Amino acid sequence: METFVVFFLNGLSYGLLLFMLSAGLTLIFSMMGVLNFAHASFYMLGAYFAYALTGWLGFAAALVLAPLLVGALGAAFERYSLRKVHAYGHVPELLITFGLSYVVFELVRLVWGPSNVDYRVPEALSGPMFTLVNAHAQGLSMVWGSGDPALCSAASGNSCNQFPLYRGFMAIVALFMLGSLWLLLTKTRIGLVIQAALTHPEMTQSLGHNVPRVMMGVFGGGCALAGLAGVIGGNAFVTEPNMAASVGAIIFVVVVVGGMGSLAGAFVASLLIGLMQTFAVIVDVSVVTVLQSMGHPLDFEHWAYPILKITISQMAPILPYLLLVLMLILRPKGLLGTREE
Amino acid sequence: MSTPTSSNGFALELRDVRKSFGKTEIIRGANLAVKEGERVALIGPNGAGKSTLFNLISGRLPITSGEITLHGERIDGRKPYEVNRRGLARSFQVSNLFPRLSVYENIRCGVLWSQGAGYSFWRFLGDMKKVNDRTEEILHMIRLDKRRDTSVSSLTYAEQRALEIGVTISGGGNVVLLDEPTAGMSKSETARFVNLIREVTVGKTLLTVEHDMGVVFGLADRIAVLVYGEVIAFDTPENVRANERVKEAYLGSVLADQQAAEAGV
Amino acid sequence: MSQQAVYHFKPVNLGRWIVWTLFALILFVAPKLFTSSLSMTMLSQMGIGIIVCLSYNMLLGQGGMLSFGHAVYSGLGSFAAIHALNHVSGGGLNIPVSLIPVVGGIGGLIVAAILGAVTTKKSGTIFAMITLGVGELVYSMSLMLPEFFGGEGGISGNRVVGEPFMGITFGPQTQVYYLIAVYCFICTVLMYAFTRTPLGRMLNAVRDNPERVEFIGYDTQRVRFLSFMIAGFFAGVAGGLYTLNFEIVTAEVVSAHRSGAYLLFTFLGGALFYFGPIIGAVLMVFATVLLSELTKAWLLYLGVIFLVMVMYAPGGVASLIMMNVRVAAYGMLRRLWTSYLALAGTLATALLGISAMVEMVYHIKLNEALGPQMSFLGAELNTRGLDAWLGAVLLVIVGVGLFELSRRTFVQQWGQIQEEIEAENRRRAAL
Amino acid sequence: QKGETVKVAWIDPLSGLMASIGQNQLKSYQFVAEKLNASNPAGVKFEIISIDNKLSPAESLNALKSAADQGVRYVVQGLGSGAALALVDGINKHNERNPGKELVFLNYAAVDPDLTNSKCSYWHFRYDADTSMKMEALTTFIKEQADVKKVYLINQNYAHGHQVAKYAKAGLARKRPDVQVVGDDLHPLAQVRDFAPYVAKIKASGADTVITGNWGSDLALLVKAANDAGLTAKFYTYYGNFGGTPTALGKAADGRVYQVGYGHYNMGGVYGQLLTDFKKRFNDDFYSAAVYSVMVSLSDAMAKAKSTDPVKVAAALEGLKFKTFNGDVEMRKGDHQLQQPLFITKWQPVDAKNAYDVEKTGMTFGLVKAYDAYVSSTPSSCQMKRPS
Amino acid sequence: MLAIKDLHAFYGKSHILHGVSMEVKPGEIVSLLGRNGSGRSTTIKTIMGLVDGQGSIEWNQHKLLGEKTYDIARLGLGYVPESRDVFPKLTVEQNLLLGQKPGAKGKKGRWSMDDMYQMFPRLKERRHTEAGVMSGGEQQMLTLCRTLMGDPDLIMIDEPTEGLAPKIVELVAEYLKELKRRGLAVLLVEQKLTIALDISERCYVMGHGRMVFDGTPQALRADDYIRREWLEV
Ligand SMILES: Nc1ncnc2c1ncn2[C@@H]1O[C@H](COP(=O)(O)OP(=O)(O)OP(=O)(O)O)[C@@H](O)[C@H]1O
Ligand SMILES: Nc1ncnc2c1ncn2[C@@H]1O[C@H](COP(=O)(O)OP(=O)(O)OP(=O)(O)O)[C@@H](O)[C@H]1O
Ligand SMILES: CC(C)C[C@H](N)C(=O)O
Ligand SMILES: [Mg+2]
Ligand SMILES: [Mg+2]
């Protein structure tokens, strides 16, 4: 039970982080049809800007300013680069973001050096939010903060699991993102304008909509979201030049599994993937062990042994890709998507 | 080319065909039997389901219930390419071509299957005399010889429509479905197209949708009227024109008469 | 009219013979001109790259299928080939080394048949995403299955096995190069031939308008699937050649990185023209092998080149060439050469300044151990001194300024020429 | 050979996952070369030519070709056994096919035991201790730790990680059969972002000790997640000192991270001097001390062979006994594996005895135990083919 | 209010309009006739800023050439393209919603959504359908209404009756007159001569990118030469 709760919380909070990361991408992908390969680069920029700003103005200021800066850069990129290739179709758009990701990577390395920077969680947000105590006498209980050290000491025989405060903070920001995006998309016409412009840009302009500006806004907004995720993910994990590459592919999985164009889908997919990956880690089962428990041990020499001996927990981090492939084959629209292309 | 004849003499037959999208039923039990070699025009108000009916016949959409036969053989439930291989060709209301290929290649694509090229990747197109001759022939028929190497995107609207018809008939299907072939054309062009269509469908069965009564009366042996997903009349042009229900649902009072008059009917 | 006759006479075929002969000739003499062992490996890799990029373009350019996982087919082809090679050395198999690439091809074909059955069911973004997922899966699996993929060290083999045939052992790189060149030539011809077959043409049709294809008797999925397998075969052949060239195959051959490189450089070369990927492959080898050796800032250069190319020449290098060929065909290229000279000169000046600055920054960041002195294109620069920086800035300012001037004249000239060509075309059409 | 310039090609990553480590190592080589150029027994001048192999085996082979073209005869590499294995293979073939242009491979960090066992080569010399040797030292240390009862293995799912797990299990079974291995996890290389579930799993298993061969972000993230979840188990690592990781460890990991290596930050002597100078110059840590051994032995061997000819130098290197930062060491003749002492250190705040501040964290790796070379020496199955 | 003088227009390098001049006065229905390819659509597109032009286009003292399309639209010009261009993935209602110009939300325009539904009940029936699957004729109705939602002072309609049933065509003619009654000016490009001549006050005939006729419908009906040379076979 205790383990389950801990895993569930971990899965949930990881899922929320994934959502944070992919929210901006969903926004851009669904509205502009651009597969922004540089999204993770903007995430990285968010982290580095936050690192630089924290040292100067403090974390709170960084939390606000870094995403704005990243958003401005994104908008500028849209204005001076992406827009030029828009007319040539989606492949060039994708490639130009590809190129951008190289440039950002190199510049970051040049400016901040090739290894980790010391960007850490601010004091006020570090430490545990609550502790799950499994005491022999009372069963499972929850204590705010780190709990009484005596309660968790080895001598007491109780086992404790702490849930970091920062993860709670992360979750709140993710939910805030979800809420504001949802408002933006449902309460304004921006979403409609962009979808219209996607198929018929000229017509949309003929109806009096300033399509270029809206596009720039959306791209900048999406990048700002990535930047915000960077501010928060950068210190939760490590801030280094490879951080972009390491999340690059997974966020595409989230967006696609959720259904291209569906914010709710991205949300559900993030949680699903977060939980799935987390729980997969505890499942030390493989075809070999299953066969064994059924009384048919597989010979070590069997040709398929190497494949069949891989346990689900070993596969955990690649399960999302499996999910992606299966999802696209069985339900190309994605979980909550409406469009096929 | 000999037209295969079916047991009952009908090239195309629809029996109680129904189609719903979600809860709305668009085609509500349509019945139609087109004889071999006959030219039929399908008219009806906007949204009556004419294009939908074409989509059902050509296999683009599955029918909800009913039966469609081509030369006596059931074709409902088949994929579009299977229906096409059995001799049914169709055009589209909005030009639906291969934009990056030249005019010549567009037609050649249409010709390939019927000349047995299949999926082969061991024979050169250049060496396939039958294919190329047939392509030239069609090109000539639709009078685009001069534009053979132009890419589709730089054709004028009328040329695109002509090519649309060319691609449709190039496969040699003997039942041809045309969806508003002359829409958007000026009067002179329209007249030219009526002739063109007559010419290229000699010996074939034709089913065409049109809103221009001039074309309809100029082309059709019989007219079917589709209203709200049902065929409410299927008769000779004269009788259809006189039909009060048709007048009320579709023709209106002035325009149709004028057009018909101009076409000399 | 005689004009008419000229029009119908097709001199194209003669031209084609010349082009192919020239291609063969280049393949033949290249190693005579560039003899160092690095240039030999680079030439070999270009030959391999040409095959892969052409096979990739079968999907991208000709079929409109954006694949993020093409390395899976070339890579698994490589693995098939290395296992075959080792079986040959082990005596379990008896095929000449020169046919090992075909084994790779068959490997690629089989993998493409299995995976393609799934992926080609869809098109567009969905196809792209499936290939991305499949690519990641295969790559991850390759590290988890050391039994087949050899783990981190990969699997190595020795190409010098079996009886030498007419003294050919495939030991020296030159012999391997010529094997690659022969395969490269044959594959290029075959893939070109493919574009002239019914399937090749229908692949274009499917790219342009899959919906309509269904109404002229073809099954789009079938067309995509068959072409996908053929592309897989050629990718596999390239993979097999890779095996012979490096004699070691590691998991990186199936990595997303590789797939990405194929995509990028095919596009950069020009996906719209048959020969575009050939240029792309040559650039790919220059960029990854040579550029990274010449400068530490190669990734930056590469990224920037990409941005610029995609923005200003979305048709790739090939389209730039073809635009000029068109001008030349109307006999007007002569008028441009001064402009080109000016453009090149000013651009070179600006680039010299920019790269000097980039290199100095990198030197300061990475090579401090060697002191502030660095050599750049033969010149000694002091990265701490003001003069080097000032000089570089000056170069940039002068270069960019003059470039802008010559660009304006050029654009004007170019526009003029295009207009004249249009007019000429209309005149000819009216005849 | 006096006054001759010897070109040494450094073939390691400057881009990709290990770029940051690579840049540090390149600087280390340039730095040591400069020191030795001032004076060395052979009186030669070293010139380091750096070639980025992007962590790729195939690119390493390209780099090798290019190095050979530039007249290089000595190759150093270390980051990634994959590239090392490719290089060994490539050099064997090169030397066979190009007599008179032999290349010698000096490996300073690639630790796959195969390199000095089944895949051993006459042209390859290793200056780091391989996975099995380090594990030998670690398990000997654990043997003396009574509080170790439950051990958890977590490693990257590739050759290196597999080997760490394998040798750990074997070593523990031999030396501490009472210790229970409560978990043996493999996760993909550099793909895991959230280690929280792994940490929760470790916690649930009740492990008091974690052994991991992880490096780079895989180690940093693992320890970070452990800190967050309040996991108090001790971590026995191979690469805790690699650039960036100490920063990630931070104060929170105080006393919980052990590391095995051929040297340590607070050993003073030559290494102490190198560390200080390097830090002053680059504001970075000189963590791969093997670089020094490589260059010193190379110069010694040249002096001994009285030549810079790689064939003669290789012969001189075999069985060479030389003095380096961690004492008198020997390049074992049978497999070309350097026999040197190993040290167990612990992550702790700087104090009087352990004064070297790592990455400005206020922390350092303090010595807990030193082992002589024989302790960690492992037998080799190498059947060296020597050129006749 | 709209005055065009000596307008030249280009698609890339090909010169399509060769000095077109025309004008539309407030509350007037003007039709622009000509064969396929004579440049009528191009004229309208140039006015909307969708094609590059040279010369002068003036609209209530504003120079339109060089302005951005959306600014031109906001000045009160409405455009209904011949290619229909409904937004296929949006519903009918969303399409209409997009017709409203940004910033004009509060302001009450001449037309409401209900007016549109009244005009074409068929649209109301299908208002939650994706516009892309609607029948050709329905799409035609939708584009007309969508532009009206933006409350333009001049509406330029390119072949509004294409693909409409004869009865609906008559209806459309009625509506155009209704628009005029509400004070709109209409610039109509039409193939169906009967209708065009019936409802318009003045007409222009184009040929090969030039104006070849300018006058009343009566004059055109009377001018056999123009009709034969520039309109019929
Ligand atoms: N995929 C679909 N989903 C929902 N409704 C559809 C779909 N396809 C067609 N319809 C509806 O079916 C009705 C009939 O459309 P169809 O295109 O067949 O009309 P039509 O008779 O061809 O009209 P027109 O003459 O205007 O072209 C329309 O109201 C349309 O909205
Ligand atoms: N996008 C384009 N690129 C190049 N030429 C074009 C383009 N669009 C139209 N044209 C050419 O411009 C000329 C005028 O076309 P336009 O569409 O204005 O004619 P139109 O009078 O509206 O005729 P239609 O009845 O075909 O709509 C034609 O010759 C056409 O081929
Ligand atoms: C430098 C180390 C991180 C490399 C690691 N020992 C390997 O063999 O892959
Ligand atoms: Mg229709
Ligand atoms: Mg027009």
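The following legends describe close-up views of a predicted model.

**View 1. Overall fold of chain D.** Chain D contains 12 helices and 15 strands. Its radius of gyration is 20 Å, close to the 21 Å given by the globule rule for 388 residues, so chain D is as compact as a globular protein of that length. Along the principal axes, the C-alpha trace of chain D spans about 60 × 40 × 35 Å. Among contacts in chain D between residues at least 6 apart in sequence, 71% join residues at least 24 apart.

**View 2. Burial, surface and charge in chain D.** Of the 388 residues of chain D, 68% count as buried. The chain exposes about 12000 Å², and carbon and sulfur atoms supply 51% of that area. Chain D carries 45 positive and 38 negative side chains; the centres of these two sets lie 2 Å apart.

**View 3. Helix H4 of chain D.** H4(D) comprises residues 131–143, 13 residues in total. From the first C-alpha to the last, the helix reaches 18 Å, close to the 18 Å expected at 1.5 Å a residue. H4(D) is mostly covered, with 12 of its 13 residues buried. Charged residues among the buried set include Lys134(D) and Glu136(D). The buried set also includes Met133(D), Met135(D), Leu138(D), Phe141(D) and Ile142(D), together with Thr131(D), Ser132(D), Ala137(D), Thr139(D) and Thr140(D).

**View 4. Helix H7 of chain D and the residue that follows.** Helix H7(D) runs over residues 217–228. Its 12 residues should span 16 Å at 1.5 Å a residue, and the end C-alpha atoms are 16 Å apart, which agrees. H7(D) is mostly covered: 10 of its 12 residues are buried. Among the buried residues are Leu219(D), Leu221(D), Leu222(D) and Val223(D), as well as Ala220(D), Ala225(D) and Ala226(D). Asp218(D), Lys224(D) and Asn227(D) are buried too. Just after H7(D), Gly230(D) adopts a positive phi of about 70°. An α-helix has 3.6 residues a turn, so residues three or four places apart point the same way.

**View 5. Contacts between chains.** There are 7 pairs of chains in contact, and of these chains A and C share the most contacts. By contrast, no contact joins chain A and chain B, whose closest C-alpha atoms lie 14 Å apart. Chain D and chain E are likewise joined by no contact, and their closest C-alpha atoms lie 37 Å apart.

Note on methods:
Residues are numbered from 1 along each chain as its sequence is written. Chains are lettered from A and ligands numbered from 1 in the order in which they are written. This is a predicted model: local features need pLDDT of at least 70, side-chain atom pairs count only at pLDDT 80 or more; totals for chains, interfaces and linings use all residues. Side-chain values use heavy atoms; hydrogens and water are left out. Helices (H or I, at least four residues) and strands (E, at least two) are DSSP runs, numbered from the N terminus. The radius of gyration is taken over C-alpha atoms; the globule rule is 2.2 Å times the number of residues to the power 0.38. Buried means under 20% relative accessible area, exposed over 50%, partly exposed in between (1.4 Å probe, protein chains only). Contact means heavy atoms within 4.5 Å. Accessible areas come from the Shrake-Rupley method with a 1.4 Å probe; for residues, only the protein chains shown count as cover. The place of a charge is taken as NZ of Lys, CZ of Arg, CG of Asp or CD of Glu. The expected span of a helix is 1.5 Å times one less than its number of residues.
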